[in-house]
Amino acid sequence: MKKKFNLNIFSNSQPKESCSACGEGKSCCGTNLTERVNTENNAPSALDQLLSKPLSRRKALSTLACGAGIAAAAASSGCASLSSEEEREIQWLKFKEYVKTNYRLMTDEERNNTISRLERLAELQRSEKVKIKSSKAIPGVLYGYAFNISKCRGYMDCVKACVKENNLDPDTGMQYIRIFEMKNGSMNLESANGEYFHEVPAAGHFYLGTQCFQCDNPPCVDVCPVGATWREPDGIVVIDYDWCIGCRYCEAACPYWGRRFNWEQPKVESENLNRDQHYLGNRKRSKGVMEKCTFCISRSRDGKLPACAEACPTGARVFGNLLDPESEISYVLRNKKVFRLKEDLGTEPKFWYFMD
Amino acid sequence: MNKLPHQREENTMKIHIAYCCLVALLTLISCDSRESGHSEKRSSEFHKPNPNSLANFIGKTVPVNIYGQSFLIESRLDKIKQFPCSSCHEDSKIDENLEDSQFRRAHWGITATDLNKNHAPETQMSCFSCHDKTDPSNLALENGTFVGLDNSYQTCAKCHSGQVKDWANGAHGKRLSGWDAIRVVRNCTGCHNPHNPRLESRWPSISAGTQGVRK
């Protein structure tokens with residue numbers, strides 16, 4: 001039976017029908033050749049069928065216009081918009097940032113490159129001239145922090161300074177530090193109020209501040225599935241915001257709620273922006289990544305106190321090098337009655353509380 | 001066909017030794033020699049604070065040496081309103097028989113009554129606990145020597161030696177310079193008004209975050 005339509009799109013070839021005129025095993029003798037040639041040539045391919053369909057001029061023009069429109073949309077969305085030099089540069093920088101490797105595996109040159117790309121992106125996208133550092137840990141330093149719960153009066157000057165220093169969005173309420181108002185006679189943090197707003201200090205209460213404690217045995221580092229967070233040699237636990245996938249497993253693992261997630265894109269006004277930034281610290285973060293206190297890594301690696309310690313008017317915050325036996329923090333740990341939170345979990349936080 | 005237990009051949013000693021070696025080897029490989037919390041060797045070398053830096057402290061300082069500690073304190077002489085006393089008093093003696101009201105007029109509220117109400121009762125403290133009758137620009141110590149107003153910690157230490165010892169060592173008071181710098185701390189009077197030392201209550205400077213959602 002002759003087939004009217006075959007599945008071969010372009011070619012006209014079809015399997016040769018066997019002809020039984022010749023004996024089996026012998027070559028074709030040409031008996032039914034004419035008939036076979038006609039059969040082969042007459043079955044049109046799919047493309048032929050499509051192109052030879054009868055069509056009015058109006059319909060043909062509208063079909064061609066639709067096709068051209070779809071092709072133009074695909075082309076412009078697929079490749080980068082070629083409208084301006086600046087936009088092309090932004091696209092190129094973003095591409096390079098997307099394919100870069102983990103910060104820990106980078107050579108110094110690659111780190112410098114990524115920093116110049118980030119600085120350039122800030123300039124192009126938001127007209128902000130920022131200075132991003134990549135300073136390494138100072139050898140022979142292990143940062144420690146002590147908090148005097150006899151002195152804290154709940155002023156939250158530390159929170160305000162932290163928000164300013166770390167470019168935190170004041171509208172979303174992202175704050176690394178939480179100050180708890182605790183009833184005298186109790187150490188129960190679960191019944192404490194972390195969101196008070198009244199004249200302080202309130203009678204019958206004391207104040208205890210928490211933030212990321214930069215644990216020596218951090219559970220958040222162990223659970224990160226992609227290796228976006230790690231403990232630096234000077235004890236600070238850092239996050240590479242470009243590597244974080246936002247799974248929030250570290251937030252679940254931290255027993256102190258030290259790590260915060262960006263539910264929204266953080267926005268900071270240009271005049272409030274702190275332009276002294278560090279790659280692992282207070283540079284621009286995006287929606288969907290984790291962030292946390294880094295003991296103001298850009299300040300502390302420069303020899304300065306973190307913003308919270310500098311802002312506290314009562315001197316309740318003590319910061320320094322644990323390895324230095326003459327530092328203030330060493331004196332506090334040796335001579336004062338100190339405790340840490342959730343000591344039984346074995347996280348070895350580097351944030352101690354003490355009383356006068 | 002399975003042999004009954006008493007018919008199976010026992011393993012030779014060689015095989016037993018081989019098994020033991022394998023188990024020992026696996027145990028050795030799997031034991032983690034890293035202890036948690038000591039992920040790098042703590043060398044005895046530590047970073048000493050930079051003795052040439054003040055790390056963003058700007059201002060006049062005065063050296064202090066007390067309780068075995070040497071450090072700097074912020075000088076406050078230029079911040080005291082009515083200093084030096086000789087700018088108003090020719091004859092710089094204090095008349096201890098003056099009425100309270102006369103004190104108040106001259107010194108904007110510093111009277112003996114206020115002092116006893118705000119600092120310590122009259123059985124423990126009077127103006128002359130710290131000020132000397134003959135030299136009001138300086139403070140008097142118990143052995144008759146005088147110290148400048150910047151060294152007020154010496155008079156505070158008469159009663160508050162515990163706090164001053166903590167302050168000298170760093171557990172009390174406010175550090176003004178960075179951690180990797182020369183130690184500059186605030187004077188006692190930098191935080192505590194000596195005539196009314198208790199810190200006032202006030203409102204917090206910021207309200208706690210709403211945890212994530214834009215208002």
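**Before you start**

Residues are numbered from 1 along each chain as its sequence is written, and chains are lettered from A, with ligands numbered from 1, in the order in which they are written. The model is predicted, and local features need pLDDT of at least 70, side-chain atom pairs count only at pLDDT 80 or more, and totals for chains, interfaces and linings use all residues; side-chain values use heavy atoms, with hydrogens and water left out.

**Stop 1: chain A**

Select chain A. You will find 11 helices and 12 strands. Helices are DSSP runs of H or I with at least four residues, strands are runs of E with at least two, and both are numbered from the N terminus. Of the 356 residues here, 46% count as buried. Buried means under 20% relative accessible area, exposed means over 50%, and partly exposed lies in between (1.4 Å probe, protein chains only).

Now think about contacts, meaning heavy atoms within 4.5 Å. Take the contacts in chain A between residues at least 6 apart in sequence: 65% of them join residues at least 24 apart. The accessible surface of chain A comes to about 18,700 Å². Carbon and sulfur atoms hold 54% of that surface. Accessible areas come from the Shrake-Rupley method with a 1.4 Å probe; for residues, only the protein chains shown count as cover.

**Stop 2: helix 6 of chain A**

Select residues 157–165 of chain A; this is helix 6. Is this helix mostly covered or mostly open? It is mostly covered, with 7 of its 9 residues buried. Among them are Cys158(A), Val159(A) and Cys162(A). What do the buried residues pack against? Show strand 3, helix 9, helix 10 (307–311) and strand 10 (317–321) of chain A, and you have the partners.

**Stop 3: Asp157(A)**

Stay in helix 6 and pick Asp157(A). Its relative accessible area is 18%, so Asp157(A) counts as buried. Leave out residues up to four places away in sequence, and Asp157(A) touches Ala311(A), Pro313(A), Arg202(B) and Ser205(B). Two of those names carry the letter B, so the next selection is Arg202(B). Which residue forms a salt bridge with Asp157(A)? The partner is Arg202(B), and the closest N and O atoms are 2.8 Å apart. A salt bridge is a side-chain nitrogen of Lys or Arg within 4 Å of a carboxyl oxygen of Asp or Glu.

**Stop 4: the interface**

Show both chains. The count between chain B and chain A is 4 salt bridges. On the chain B side, helix 5 (residues 161–169) gives the most to the face that touches chain A, with 3 residues. Overall, 44 residues of chain B are in contact with 63 residues of chain A. How much area do the chains bury between them? The figure is about 4,500 Å², with 52% of it on carbon and sulfur atoms. Buried area is the accessible area (1.4 Å probe) that two parts lose on being put together, summed over both.

Polar contacts cross the interface too: 24 residue pairs, both at pLDDT 80 or more. A polar contact is a pair of N or O atoms within 3.5 Å; within protein, one must be able to donate a hydrogen and the other to accept it, and residues adjacent in sequence count only if both atoms are side-chain atoms.

**Stop 5: chain B**

From the N terminus on, the order is α-β-β-α-α-β-β-α-α-β-α. Of its 215 residues, 28% count as buried. Chain B exposes about 14,900 Å², and carbon and sulfur atoms supply 55% of that.

**Stop 6**

Go to the loop between strand 3 (178–183) and strand 4 (205–210), where Pro201(A) sits. The peptide bond from Val200(A) to Pro201(A) is cis, with omega near -5 degrees.

Next, pick Cys296(A), in the loop between strand 9 (290–292) and helix 9 (297–300). Its phi is near 45 degrees, a positive value in a residue other than glycine. Is Cys296(A) buried or exposed? At 7% relative accessibility, Cys296(A) counts as buried.

Then pick Glu348(A), in the loop between strand 11 (338–339) and strand 12 (351–354). Here phi is positive as well, near 55 degrees. Glu348(A) has 34% relative accessibility and counts as partly exposed.
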